[in-house]
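Q: Could we go through this structure together, one feature at a time?

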Amino acid sequence: MKLSVPGRVTATAVVATVSLLAGGSIAGAAPAGQPAVAAAPDIPVANVKAHLTQLQSIATANGGNRAHGRAGYKASLDYVKAKLDAAGFTTAVQQFTSSGRTGYNLIADWPGGDTNQVVMSGSHLDSVTAGAGINDNGSGSAAVLETALAVSRAGYQPTKHLRFAWWGAEELGMVGSRFYVNGLSTASRSRISGYLNFDMIGSPNPGYFVYDDDPAIEKTFKAYYAGLGVPTEIETEGDGRSDHAPFKNAGVPVGGLFSGADYVKTAAQAAKWGGTSGLAFDRCYHSSCDTTANINDTALDRNSDAVAYAVWELSR
């Protein structure tokens with residue numbers, strides 16, 4: 001999640017590698033021979049953590065970070081893309097320039113479904129330069145990746161079309177996601193029935209926050225947590241500070257989850273969620289200590305399952 005200070009950077013367009021990104025339709029059909037899945041699968045938290053371990057290793061091998069324009073970011077994107085390609089997704093890499101450095105978005109479409117009704121889920125893949133960015137935002141990126149892989153494993157054939165995205169240069173002011181949204185035609189934007197954003201979902205002193213932007217999406221996430229008996233609060237810390245903002249500004253219904261950044265957990269929040277009052281939800285936010293040690297497994301597990309639940313429920 002980007003800092004709540006001015007400093008947005010304007011992206012300069014470079015030709016996308018695949019023209020699919022500017023449109024709403026996809027060639028191809030859903031895998032044959034598999035019935036639609038009735039309920040979302042459980043997302044194994046061990047699988048999500050395995051992706052985080054890989055992102056940590058990538059950062060460690062590339063100057064300690066996965067920031068925009070750095071080798072660690074491109075290696076992170078290559079890792080995610082390889083997993084999706086092997087799982088049968090149609091992937092496309094979109095290229096842009098910001099702060100004099102090349103950035104990339106990764107878009108993955110699951111073949112099949114009504115391309116006039118696109119359910120899109122995304123997360124930013126870049127870190128700040130200070131550290132590996134494992135909670136911010138390896139956590140969201142890994143959960144979205146594992147949900148996409150679960151779609152493939154299930155041979156899921158929803159009524160709506162599924163699209164997943166990993167954004168570049170979010171930490172510079174949602175540059176990658178704004179570039180994507182601004183490149184869509186009016187018709188293509190109208191085909192996105194909902195965009196779900198996941199930015200920091202494994203905070204070590206977690207809260208359970210739900211975006212309140214679109215009522216139907218909000219209701220879906222709240223229903224999942226009600227089923228667990230876990231209370232939620234409306235997300236306010238990240239308003240306008242993550243990749244849902246460009247979609248919302250373009251009139252696309254948005255929603256998402258958040259486990260907290262540098263705001264301090266109150267005594268009331270600690271009473272209902274556990275953890276430590278008087279400490280930040282993530283005291284390693286935008287710091288070098290945002291490593292694989294900076295993750296709450298329970299929050300990561302619950303939120304990863306919630307990602308899949310929403311994808312399944314909203315795409316039927």
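This is a predicted model: local features need pLDDT of at least 70, side-chain atom pairs count only at pLDDT 80 or more; totals for chains, interfaces and linings use all residues.

Q: How many disulfides does a search of the whole structure find?
A: The search finds one. Cysteine 284 and cysteine 289 form it, with their sulfur atoms 2.1 Å apart.

Q: What is the handedness of that link of cysteine 284 and cysteine 289?
A: The link is left-handed, with -115 degrees about the S-S bond.

Q: Is cysteine 284 buried or exposed?
A: Cysteine 284 counts as buried, at 10% relative accessibility. Buried means under 20% relative accessible area, exposed over 50%, and partly exposed in between, using a 1.4 Å probe and protein chains only. Cysteine 289 is partly exposed, at 35%.

Q: New topic: at what angle do helix 1 and helix 2 pack?
A: Helix 1 (residues 45-61) and helix 2 (residues 71-86) pack at about 150 degrees, and their axes are 9 Å apart. This makes helix 1 roughly antiparallel to helix 2. Angles over 145 degrees count as roughly antiparallel, under 35 as roughly parallel, 65 to 115 as roughly perpendicular, and the rest as oblique. The axes are lines fitted to C-alpha atoms, for helices over the stretch in contact, and angles run from 0 to 180 degrees between N-to-C directions. Helices (H or I, at least four residues) and strands (E, at least two) are DSSP runs, numbered from the N terminus.

Q: Which residues make the contact?
A: Helix 1 contributes Ala50, His51, Gln54, Leu55 and Ile58, and helix 2 contributes Gly72, Ala75, Ser76, Tyr79 and Lys83; contact means heavy atoms within 4.5 Å.

Q: Which residue other than glycine has a positive phi near 55 degrees?
A: Methionine 174 is one of them. Methionine 174 lies in the loop between strand 5 (160-167) and helix 4 (175-182), and is buried, with a relative accessible area of 1%. Serine 99 also has a positive phi, of about 55 degrees, although it is not a glycine. Serine 99 is in the loop between strand 2 (90-98) and strand 3 (101-110) and is partly exposed, at 49%.

Q: Lastly, where is the cis peptide bond?
A: The cis bond joins aspartate 136 and asparagine 137, with omega about 5 degrees. Asparagine 137 is found in helix 3 (residues 134-154).

Definitions and conventions: Residues are numbered from 1 along each chain as its sequence is written. Side-chain values use heavy atoms; hydrogens and water are left out. A disulfide is a pair of cysteine sulfur atoms within 2.5 Å.
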